[in-house]
Amino acid sequence: MAAQRLVPLILSDDERAELQSLTMRRKTAQALALRARIVLTCAEGGQNKEVAAKLGLERGTVGKWRRRFVEQRVAGLHDEPRSRTIDDGRIEAVIVRTLESCPENATHWSSRGMAKASGLSVSTVQRIWRAFGLQPHRLETFKLSTDPNFVAKVRDVVGLYVSPPAHAIVLCVDEKSQIQALDRSQPMLPMRPGQPARRSHDYKRHGTTSLFAALDIATGRVIGKCYGRHRAAEFRKFLDEIEAAVPRQLDVHLVMDNYATHKTPLIRKWLAKRPRWHVHLTPTSSSWLNQVERFFALLTDKKIRRGVYRSVAALRADIASFIERHNADPKPFRWTKSADDILASIERFCRYNAPVQHEAMLRTSGSGH
């Protein structure tokens, strides 16, 4: 029997350019890129069997996409939309059950558990969750400030960031307390191709230190000092360090929280004797408003978290070295949110979550009023 005569596959310049771009773009799905290569190879001439051998594919695969292209051109290479085999009622039931119930022996649904309870396949449950942005396995944290002066304090502190006063320095101050000098029980294993660095899960403690730090928001420079404890006495000593480091002709605007060590009579008397010092308090539960916390995050990420220290002295030396290197090429953090932006964002959060919060309060109080 004579072989079936193939319809010639002829490409226009635009089609050839589009197919070539599909094969080269990194974000193109691999299946679509392969189909484009099949069509380009077919356009060079040859039977399906020859094209299949050249690309290492099945003859039927080449024939399918050659035929689809001849009939529908480039559009025929894309997957056709799948028909939905599950009705809206069953989809709604999965969503409602996911949002409003828990399985008998767990705090949240798994895709396998929901599939068993709903009579659907695991992949179908996963598609429904993905389509509606549901991720039962994830849990995030939040904390809203209950400070009665929250709005005023936000406007005060953010005002300093976006429009600092002239002839003054703005310093964000806080302490990173109880930093542990940890030594691993066994030597770390270095990173290798295909394998991350590894360390033992257990460790030996060699004491703690507390870092007091003041970040200059204009330059990014940091004044830092480690102390054995974090009492008002140590904070007073650190204020003396700042006083000695800041030129006398500049006012000092201090951004800090209302922690107990910051408001003792010792500290209040020290500040009262220095009229060039001005204190700006952040709201309660709002450490994110203090820029020095960003520096502490850098220190933790780049040094402390993976550091191995056999003594407190070694830990302090490493912290001092980090601050020195940071100050050699300081870069200020860019504050991009205005006070209005922050307050509007918090208002949206509260409005969106108000029904859930109200229900939780009712359950806690046991009152139906």
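A salt bridge here is a side-chain nitrogen of Lys or Arg within 4 Å of a carboxyl oxygen of Asp or Glu. By that rule, this predicted model holds 16 salt bridges. Let's work through a few of them, and then visit some loops.

**Exercise 1. Work out how Glu234 and Arg231 are paired, and classify the accessibility of each.**

Solution. 
- Step 1: Check the distance. The closest N and O atoms of Glu234 and Arg231 are 2.7 Å apart, and the two form a salt bridge.
- Step 2: Glu234 is buried because its relative accessibility is 6%.

**Exercise 2. Describe the salt bridge between Glu243 and Arg274, and say where each residue sits.**

Solution. 
- Step 1: Start with the contact itself, where the closest N and O atoms are 3.8 Å apart.
- Step 2: Place the residues. Glu243 belongs to helix H9 (residues 232–245), while Arg274 lies in the loop between helix H10 (265–272) and S5; the pair links distant parts of the chain, 31 residues apart.
- Step 3: Glu243 is buried at 13%, whereas Arg274 is partly exposed at 21%.
- Step 4: Widen the view. Salt bridges link Glu243, Arg248, Arg274 and Arg276 in a network.

**Exercise 3. Explore the loop between S5 and H11 through Thr282 and Ser285.**

Solution. 
- Step 1: Locate Thr282, which is in the loop between strand S5 (277–281) and helix H11 (292–304).
- Step 2: Judge its surroundings. Thr282 is buried, with a relative accessible area of 3%. Leaving aside residues up to four places away in sequence, Thr282 touches Lys153, Val157, Val255, Met256, Asp257 and Leu289.
- Step 3: Turn to Ser285, found in the loop between S5 and H11. Ser285 is partly exposed at 35%.
- Step 4: Check the backbone. Most residues other than glycine have a negative phi. Ser285 has a positive phi of about 55 degrees, although it is not a glycine.

Key. Residues numbered from 1 in each chain as written. Predicted model: local features only at pLDDT ≥ 70, side-chain atom pairs only at ≥ 80, totals over all residues. Heavy atoms only, no water. Helix = DSSP H or I, 4+ residues; strand = E, 2+ residues; numbered from the N terminus. Buried < 20%, exposed > 50% of the residue type's maximum accessible area, 1.4 Å probe, protein only. Contact = heavy atoms within 4.5 Å.
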